[in-house]
Amino acid sequence: MATNLKINGERLWDSLMEMAQIGATAKGGVCRLALTDLDREARDLFVKWCKDAGCTIRVDKMGNVFARRAGKDNSLAPVMTGSHIDSQPTGGKFDGAYGVLCGLEVIRSLNDMKYETLRPIEAIIWTNEEGSRFAPAMVASGVFAGVFDLDYGLGRADQDGKTMGDELKRIGYAGEDDVGGRPVHAFFEAHIEQGPILEVEKKKIGIVQGAQGQRWFEVTFIGQEAHAGPTPMRVRKDALVGTAHVIGAVNKIGLENAPFACATVGMINSSPNSRNVIPGKVFFTIDLRHPEDATLTKMAAAVKSACEEAAAANRLEVDFKEIWYSPPVKFDANCVAAVKKGAEELGFENLDIISGAGHDSVYMSRVAPTAMVFIPCEGGISHNEIENATKDDCRDGCDVLLRAMVERANAA
Ligand code: GLV
Ligand code: MN
Ligand code: MN
């Protein structure tokens, strides 16, 4: 590999900081929920930058944006990279945006160096990776990979009943291209680690081997609304008390399957949410994760039992739905090796790592050889406005990505 292949770290950082202005929060983070006006603004900026870099832009029916830099032989399948620009409600500047802007920076740097790859290169924004406004996560890369059909993807609705299909039209990103169904030579994604391991181990680059599995559930408990004063404790049907039992059980299931299990209740809507009314209805979500499928399945069974027990003990009706299952994945050995080689050539201390978070790479790995590059983030904190990464680590991760992509993009 040519030793002079380098990206421009200052330009990458400036682009990250400019993108972070769109939806910037007072605490230094980002709130840019999928398919909002802010999402449109961020997409427009990316598209403008990519056009300025000479790319052609295509948008598919799920609103995924593909910026293509031509290669020597454009009949060959492209090497792709990308991530997402939607964020959590109290998200950070780097989760997703880093990977998207690394794609742009790779293209800009190849232009600067007048470096022509054999294959075309594409930098991508995947729609709604977070799964915060519209569940599940990674839904549009999932449609691209054939895991979900298009109608399912477009039909995902937010808490107000607005669908992804309608919101894509509203913001002008309901594209015309079919979703997926075209060959991809390799897919790479750069991302902050979102956990503490690289920082604790003092390593610069994570060579991501795969990602843990996830199961998402939606539970509704129906009890009976009643007056908080005259209604004796023993006759109550308190849906929030049932939920409290489940929250405790979910946490215990996570702890019992240590060290790798994660189990979270992250969203609760209690109704009518009035201090002197016994809660008659509660909707809540459960997120379970584990790198081994068998353990994840066992955890799911335990969570279901906990919901049934809580319902019986509190005289509640229960609606328990598994809405998403994403099995653990192992990334492609050749792509992982390309990332490792890039890190080694640059002399970066690196570590093999499994992703705890979900990423579009998880679904892309079903249709293309895939790997990821992780960089450390401060204190391992992510999905938080204080999320932070250093300028140098951002630059170095992108340099590794550049090398891995160029290696694959020159392969016949
Ligand atoms: C996405 O960020 C997830 O891992 O939940
Ligand atoms: Mn992300
Ligand atoms: Mn995220």
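This is a predicted model: local features need pLDDT of at least 70, side-chain atom pairs count only at pLDDT 80 or more; totals for chains, interfaces and linings use all residues.

**Salt bridges and ligand sites**

Glu122 and Arg182 form a salt bridge in which the closest N and O atoms are 2.9 Å apart. This pair links distant parts of the chain, with Glu122 in strand E4 (residues 121-125) and Arg182 in the loop between H6 and E5, 60 residues apart. Side chains of opposite charge can pair when their charged atoms come close. Buried here stands for a relative accessible area under 20%.

The loop that holds Arg182, between H6 and E5, also supplies a partner to another bridge. The side chains of Arg58 and Asp177 meet in a salt bridge, with an N to O distance of 2.7 Å. Arg58 belongs to strand E1 (residues 56-59) and Asp177 to the loop between helix H6 (164-171) and strand E5 (186-192), so this contact ties together parts that are 119 residues apart in sequence.

Asp37 and Arg40 meet through their side chains in a salt bridge of 2.9 Å, N to O. Both residues lie in helix H2 (residues 37-52), and because they are three residues apart there, about one helical turn separates them. Asp37 is partly exposed, at a relative accessible area of 41%, and Arg40 is partly exposed as well, at 27%. Asp37 and Arg40 also belong to a network of salt bridges that links them with Arg133, Asp158, Glu167 and Arg170. Across the whole structure, a search finds 30 salt bridges.

The metal site comes next. The manganese ion (ligand 2) is coordinated by His84 through NE2, Asp95 through OD and His191 through NE2, at 2.0 to 2.3 Å. Along the chain, the donors of this manganese ion (ligand 2) follow the spacing H-x10-D-x95-H. Asp95 bridges the manganese ion (ligand 2) and the manganese ion (ligand 3), and these two ions lie 3.7 Å apart. His84 and Asp95 are placed 11 residues apart, both in the loop between strand E3 (79-83) and helix H3 (97-112). His84 is buried, with a relative accessible area of 0%, and Asp95 is likewise buried, at 7%.

The remaining site is that of ligand 1. The residues around ligand 1 are Glu129, Glu130, Arg289, Ala357, Gly358 and His383. By class, this shell has one nonpolar, two polar and three charged residues. Three of these neighbours can be described by their side-chain N or O atoms. An oxygen atom of ligand 1 is 2.7 Å from such an atom in Arg289, an oxygen atom of ligand 1 is 3.0 Å from one in Glu130, and an oxygen atom of ligand 1 is 3.1 Å from one in His383. On its own, ligand 1 has 190 Å² of accessible area, of which the protein covers 94%.

Key. Residues are numbered from 1 along each chain as its sequence is written. Chains are lettered from A and ligands numbered from 1 in the order in which they are written. Side-chain values use heavy atoms; hydrogens and water are left out. Donors are N, O and S atoms within 2.8 Å of the metal (3.2 Å for Na, K and Ca); water is not among the atoms, so sites may look incomplete. Helices (H or I, at least four residues) and strands (E, at least two) are DSSP runs, numbered from the N terminus. Buried means under 20% relative accessible area, exposed over 50%, partly exposed in between (1.4 Å probe, protein chains only). A residue is near a molecule or strand if one of its heavy atoms lies within 4 Å of it. A polar contact is a pair of N or O atoms within 3.5 Å; within protein, one must be able to donate a hydrogen and the other to accept it, and residues adjacent in sequence count only if both atoms are side-chain atoms. Accessible areas come from the Shrake-Rupley method with a 1.4 Å probe; for residues, only the protein chains shown count as cover. Ala, Val, Leu, Ile, Met, Phe, Trp, Tyr, Cys and Pro count as nonpolar, Asp, Glu, Lys and Arg as charged, and the others, Gly among them, as polar. A salt bridge is a side-chain nitrogen of Lys or Arg within 4 Å of a carboxyl oxygen of Asp or Glu.
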